[in-house]
Amino acid sequence: MTIQLKTMALLLAMVPAMANATVVYKWTDADGVTHFGDRQPTGTQAEQISVRSGQSNLVNSNSSAQQQLNELEQRQRAASEESRAFDAAATRQAQRKTNCDAAQQNLEIISNNSRIRITENGEQRFLTPDEVSQQKQTYEDIVEQNCGAEQAP
């Protein structure tokens, strides 16, 4: 009984190896018809053809699947970086618009009012004419930087 079990186990272990080691023969008969078979015909010249086994296709498909996965990850990283760059540009543009609007409002206020009151160190005081012109120049610079077309860094 143990010999039968050992023989059966040996045969079962050899079946996959035999399936991967498939040999195919190709020959042409007297009528010119091409035939294929797993046994070499007797009395006829036959060409042995190498056949890909399922195992090698599995290995190739795994490597191509891994390659496809790597390419997909690269495309996702590129899309993510592009999205971050777009978000950064949109944020920068929004900040420029906010700066532009605030500077234009401040410039209008400083141009229309001759006396500007500020609070420093808990005390209120009026800006001097020199300070007013200095602030006006500062706001004009901010308007120029933020309200025009964005310059390349």
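K26 stands opposite F36 in β2. Pairing here calls for at least two DSSP bridges between the strands, and the elements themselves are DSSP runs numbered from the N terminus, with helices (H or I) of at least four residues and strands (E) of at least two. Between the two strands of this hairpin sit 5 residues, and G32 takes a positive phi near 85 degrees.

Before going on, a word on what you're looking at: this is a predicted model, where local features need pLDDT of at least 70 and side-chain atom pairs count only at pLDDT 80 or more, while totals for chains, interfaces and linings use all residues. Numbering starts from 1 along each chain as its sequence is written, and side-chain values use heavy atoms, with hydrogens and water left out.

Now hop to another loop, the one between β4 (117–120) and β5 (123–126), where you'll find N121. N121 isn't a glycine, yet its phi is positive, about 50 degrees. With a relative accessible area of 81%, N121 is exposed; the scale is buried under 20%, exposed over 50% and partly exposed in between, using a 1.4 Å probe and protein chains only.

What lies over the face of F126? It's R115, at 3.9 Å from the ring centre. To count, NZ of Lys or CZ of Arg must be within 6 Å of the ring centre and within 35 degrees of the ring normal.

Next comes the largest nonpolar core, with 8 residues: A103, L107, I110, I116, L127, V132, Y139 and V143. Such a core is a set of buried Ala, Val, Leu, Ile, Met, Phe, Trp, Tyr and Cys residues joined through side-chain atoms within 4.5 Å. Helices α2 (54–112) and α3 (129–147) are the elements that give two or more residues to this core. Take V143: leaving aside residues up to four places away in sequence, V143 touches A103, Q104, L107 and G148, where a contact means heavy atoms within 4.5 Å.

Finally, how many disulfides turn up in the whole structure? There is 1, between C100 and C147, with sulfur atoms 1.7 Å apart; the cut-off is a pair of cysteine sulfurs within 2.5 Å. This pair links distant parts of the chain, C100 in helix α2 and C147 in helix α3, 47 residues apart. The torsion about the S-S bond of C100 and C147 is about 110 degrees, so the disulfide is right-handed. C100 is buried at 9% relative accessibility, whereas C147 is partly exposed at 30%.
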